[in-house]
Amino acid sequence: MINQKDFELPKTLIGEKVVLTRREACHNSDLWRLIDGSRDFLRPWLSWVDKTKSIGDVAFITELFLENWNKHDSFEYVFLNKDTGRLVGAGGVNRLDFRNHIAEFGYYRDKDAGGRGYVSEFVKLLEPELIKRGIHRLEIRADVENTPSQKVAQRCGYVLEAKHIEAIFDGEKYKDEFRFVKLSGE
C-alpha cells in the first residue's frame, strides 16, 4: 500500500507546450475568465459550471484544492501556455486510491485552446510522476458524448475498459460514461 502521508507530486512540471503549476489563489482571476468565457463549451460535461457564478466561487474551490493538496488527497494544477504564460486549462489527479494504487485524471480547458495538445501533455507529464510513486492503474472517465476527452485518452494510449450506464447525474438527467485505463507497465 502507498503511504498517503508521504505521497507528493511536484508543484510545477514543464512540457514542450504547457507548464503545469499547482493551482493557487493567484490563478483565480484567470480561472474565472476561462470558466465564464467557456460556459457553453464546458456545461455539457461539467455539472459545476453553472454553480460557479463569481470569482468568489472560484476562490472557494481553490482553497479546497489547496487543502486537499496539503492532505495528499488530490492534486490540482493549472495549465499555462509555455510561450505566452496564458492560462489555458486546469485539472489534476482528482481521485487517488492508495490501497489499490489507482489515480484518476480530471481536466478542462478554454474553449479556444482545443487542438493544441495541452490536455494530452498534461496527462503525459503527470503519468510518470504517478507511476514512480507506486501508482499502477491510471484512469480517465469521459461522458460518452464528450468526444474531445475521449480523444485525449486514446492519444495518450488509454484503452476503453467499460461503458458505465447512467453513471453521471448532471443535475437533470443520468448520463453514460466511458472509463479509459492505462496500466503502469504499458
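**View 1. F105 meets its partner in strand β6.** In β6, F105 has I140 as its bridge partner. This is a predicted model, in which local features need pLDDT of at least 70, side-chain atom pairs count only at pLDDT 80 or more, and totals for chains, interfaces and linings use all residues. Residues are numbered from 1 along each chain as its sequence is written, and side-chain values use heavy atoms, with hydrogens and water left out. Strands (E, at least two residues) and helices (H or I, at least four) are DSSP runs, numbered from the N terminus.

**View 2. Strand β5 runs parallel to β6.** Here 4 bridges link β5 (residues 102–109) with β6, and E104 sits opposite E139 of β6. Between β5 and β6 the chain passes through helix α4 (residues 118–131), making a right-handed β-α-β crossover (clockwise from the first strand over the helix to the second, with the strands pointing away from the viewer).

**View 3. On to β8, the antiparallel neighbour of β6.** Look for 7 bridges between β6 and β8 (residues 174–183), with D143 opposite E177 in β8. Strand β6 (residues 137–143) is largely enclosed by the rest of the structure, because 6 of its 7 residues are buried (under 20% relative accessible area, 1.4 Å probe, protein chains only).

**View 4. The open sheet of 8 strands.** Its order is β1-β2-β3-β4-β5-β6-β8-β7, with mixed pairing (two strands pair if DSSP finds at least two bridges between them). At the edges, β1 (12–14) and β7 (159–169) each pair on one side only.

Definitions and conventions:
Buried < 20%, exposed > 50% of the residue type's maximum accessible area, 1.4 Å probe, protein only.
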